[in-house]
Amino acid sequence: MKFALRVAGKYLDQPKLVEKLGKVVPLGLGACAAGYAFYDSSRQKTDAQKRRTFVRDGLVLGATVTSALAAPKIASAITGKKLLEVFDNKLLVDSFIRNKAPEAKIEKILKRAKTKVLSLPEVAELMKTLKSADECNFLNKLIPPPENVSSKDIFSEIGWLSIVGAVPVVGGVAGGLLADKATGGNWRKRLPDKIKEGSYQYLANIFLCNVGAGAALAILEKKNIKSRMARGLGMVGGIILTGVIGGSKIANFIGDKVINPLFGYKHTKKDERTPELIDIGLHTDDIATVSLLSGLKWIEPMLPILYTVSGYRAGIGYRNHKEKI
């Protein structure tokens with residue numbers, strides 16, 4: 001079982017696979033956004049509602065997806081974090097084959113690795129066969145192993161992740177304002193709901209979860225706990241305490257005490273945002289937080305998918321009721 005997990009981890013962290021995900025995600029995310037806009041508009045009763053919904057979803061999702069895809073670069077420009085780079089491994093593989101003369105089966109797999117993503121059985125075969133110190137060193141250069149984030153880098157990583165999550169939410173709100181103007185809606189009246197939903201999505205589903213994971217990891221680092229499982233469980237605990245439990249309350253408090261007075265609104269019980277099943281589902285991005293802080297590289301290209309839903313909900317100003325169109 002342990003070997004199977006190691007093989008799976010090695011397979012997912014192949015540089016060629018990470019590169020392929022980086023190319024596929026933008027196309028897939030754009031196609032899903034367009035499909036949802038068609039689906040959502042088809043559910044409406046009248047032709048006028050269908051047109052307004054399609055325009056609204058198209059503008060909100062367009063702005064959200066565009067900003068989500070740009071978010072890693074924006075966050076990297078702000079924090080100085082380097083984005084993943086895919087190196088050309090042809091020289092590395094050719095040198096190994098020339099010097100070590102591996103058996104034909106291994107040589108065939110290695111030649112495929114120069115241009116292709118290896119399958120799980122192929123990765124397993126390499127791990128079973130290449131066992132000497134030199135061979136393991138080569139395999140780790142070919143498919144670099146996860147590197148745990150050190151205590152020095154924790155909050156730099158958290159800062160990068162939090163910016164990556166914030167950009168799609170801001171983009172969604174901007175797209176929502178544009179959609180209100182395009183569909184003849186009262187954008188001034190709807191703006192507070194968008195800001196409140198945006199703050200809810202960001203605080204409850206993104207930022208505070210990242211802070212909780214980072215704080216837990218910092219504590220584990222101070223106690224010199226190196227176990228990957230212990231670090232993962234500790235970060236999940238930090239996420240639950242700060243984001244899942246406290247995030248919605250903090251977001252509602254800010255909505256009531258800051259955003260409502262700013263726009264001249266009074267607090268009502270109906271206005272409070274309560275967690276729903278989809279909000280719990282959105283905490284899948286916390287798995288990304290834990291995974292990235294644990295050194296798993298294949299998660300990074302997937303981040304735009306995880307944060308697009310939060311941006312869309314902020315853009316339509318969702319508040320525990322069916323939004324008006």
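Biologist: Why are H2 and H14 called roughly parallel to each other?

Modeller: This is a predicted model, where local features need pLDDT of at least 70, side-chain atom pairs count only at pLDDT 80 or more, and totals for chains, interfaces and linings use all residues. Residues are numbered from 1 along each chain as its sequence is written, and side-chain values use heavy atoms, leaving out hydrogens and water. Now the angle. The axes of helix H2 (residues 15–42) and helix H14 (residues 303–316) cross at roughly 30° and come within 11 Å. Axes are lines fitted to C-alpha atoms, for helices over the stretch in contact, and angles run from 0 to 180 degrees between N-to-C directions. Angles under 35 degrees count as roughly parallel, over 145 as roughly antiparallel, 65 to 115 as roughly perpendicular, and the rest as oblique. H2 and H14 are therefore roughly parallel.

Biologist: Which residues of H2 and H14 make the contact?

Modeller: H2 brings Val25, Leu29, Tyr36 and Asp40, and H14 brings Pro304, Ile305, Thr308 and Tyr312. Contact means heavy atoms within 4.5 Å. By class, the residues are six nonpolar, one polar and one charged. Here Ala, Val, Leu, Ile, Met, Phe, Trp, Tyr, Cys and Pro count as nonpolar, Asp, Glu, Lys and Arg as charged, and the others, Gly among them, as polar.

Biologist: Which residues of H3 meet H14?

Modeller: Arg56, Asp57, Val60, Leu61, Thr64, Val65, Ala68 and Leu69 of H3 do. Their partners in H14 are Pro304, Thr308, Gly311, Tyr312, Gly315 and Ile316. This contact divides into eight nonpolar, four polar and two charged residues.

Biologist: How many helices and strands does the protein have?

Modeller: There are 14 helices and zero strands. Helices (H or I, at least four residues) and strands (E, at least two) are DSSP runs, numbered from the N terminus.

Biologist: What makes Asp180 buried?

Modeller: Its relative accessible area is 3%. Buried means under 20%, exposed over 50%, and partly exposed in between (1.4 Å probe, protein chains only). Asp180 therefore counts as buried. Across the protein, buried residues make up 44% of the 325 residues.

Biologist: What makes the pairing of Arg190 and Asp180 a salt bridge?

Modeller: Their side chains meet at 3.1 Å, N to O. A salt bridge needs a side-chain nitrogen of Lys or Arg within 4 Å of a carboxyl oxygen of Asp or Glu. The pair passes that test. Arg190 lies in helix H9 (residues 187–222) and Asp180 in helix H8 (residues 154–182), so the bridge ties together parts ten residues apart in sequence. Arg190 has 26% relative accessibility, so Arg190 counts as partly exposed.

Biologist: How do you know that Lys194 and Asp180 meet in a salt bridge?

Modeller: The N to O distance is 3.3 Å, which is within the cut-off. Lys194 sits in helix H9 and Asp180 in helix H8, 14 residues apart. Both Lys194 and Asp180 are buried.

Biologist: Why is Lys105 called partly exposed?

Modeller: Lys105 has 49% relative accessibility, so Lys105 counts as partly exposed. Its side chain meets that of Glu125 in a salt bridge at 3.6 Å, N to O. Lys105 is in helix H5 and Glu125 in helix H6, so the pair ties together parts 20 residues apart in sequence. Glu125 is at 17%, so Glu125 counts as buried.

Biologist: Which other residues of H6 are buried, and what do they pack against?

Modeller: In H6 (residues 120–129), the buried residues are Glu122, Val123, Ala124, Glu125, Leu126 and Met127. They pack against helix H1 (2–12), helix H5 (104–113) and helix H7 (133–142).

Biologist: How many salt bridges does the count come to?

Modeller: Eleven. Asp40, Arg43, Arg56 and Asp57 are linked in a network of salt bridges.

Biologist: Why is Ser199 called buried?

Modeller: Its relative accessible area is 14%, so Ser199 falls in the buried class. Ser199 is found in helix H9. Leaving aside residues up to four places away in sequence, Ser199 touches Ala204, Ala251 and Ile259.
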